[in-house]
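Please read it alongside the sequence and the coordinates.

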Amino acid sequence: MNESRFTYFPIIVIVTLLLLLLSAWVQWFFFIFEFDEHELTVKKGIFNKNQLHIPFERIQTITRMK
């Protein structure tokens with residue numbers, strides 16, 4: 001068995017890229033923002049859930065499209 005050390009390199013690269021894509025998708029999936037009557041609420045996180053409430057008075061520019 002004379003295998004080069006670069007034989008597994010493409011597999012390692014593909015697995016690494018798949019893990020990065022999966023991580024990005026999970027972060028996107030658990031990022032939610034909601035508009036209320038008086039504030040913008042941002043929710044993010046899987047295990048460590050964070051909520052950020054931003055009143056509209058603190059936002060300088062906002063564009064809302066329906």
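What follows treats the sheet, then the aromatic pairs, and then the nonpolar surface.

The model is a predicted one, and in it three strands form an open sheet in the order S1-S2-S3, with antiparallel pairing. Strand S1, covering residues 31-35, and strand S3, covering residues 50-55, are the edge strands, each of which pairs on one side only. From one strand to the next, the twist averages 15 degrees. In general, the strands of a sheet pair through backbone hydrogen bonds, in either a parallel or an antiparallel manner.

**Aromatic pairs**

Four aromatic pairs occur in the structure. In one of them, the ring centres of phenylalanine 29 and phenylalanine 30 lie 5.3 Å apart and the ring planes stand at 85 degrees, so this pair is classed as edge-to-face, the cut-off for that class being planes over 60 degrees apart. Ring pairs also bring Trp25 together with Phe29 and Phe30 in a cluster.

**Nonpolar surface**

Which residues make up the nonpolar patch on the surface? The patch is formed by Tyr8, Ile11, Ile12, Val15, Leu19, Leu22, Trp25, Trp28, Phe29, Phe30, Ile46 and Phe47, which together have about 1400 Å² of accessible area. Tyrosine 8 is placed in the segment before helix H1, the helix that runs over residues 9-29. The members of the ring cluster, Trp25, Phe29 and Phe30, are among the residues of this patch.

| Residue | Relative accessible area | Class |
|---|---|---|
| Tyrosine 8 | 48% | partly exposed |
| Phenylalanine 29 | 47% | partly exposed |
| Phenylalanine 30 | 31% | partly exposed |

The class follows from the cut-offs, because a residue is buried under 20% relative accessible area, exposed over 50%, and partly exposed in between. Tyrosine 8, at 48%, therefore counts as partly exposed, and phenylalanine 30, at 31%, is likewise partly exposed.

Key: Residues numbered from 1 in each chain as written. Predicted model: local features only at pLDDT ≥ 70, side-chain atom pairs only at ≥ 80, totals over all residues. Heavy atoms only, no water. Pairing = 2+ DSSP bridges. Helix = DSSP H or I, 4+ residues; strand = E, 2+ residues; numbered from the N terminus. Axes fitted to C-alpha atoms, helices over the stretch in contact; angles between N-to-C directions. Patch = residues over 30% accessible without salt bridge, like charges linked within 9 Å, V, L, I, M, F, W, Y side chains within 5 Å. Areas by Shrake-Rupley, 256 points an atom, 1.4 Å probe, with all protein chains shown as cover. Salt bridge = Lys/Arg side-chain N within 4 Å of Asp/Glu carboxyl O. Buried < 20%, exposed > 50% of the residue type's maximum accessible area, 1.4 Å probe, protein only. Phe/Tyr/Trp six-rings, centres within 6.5 Å; stacked < 30°, edge-to-face > 60°.
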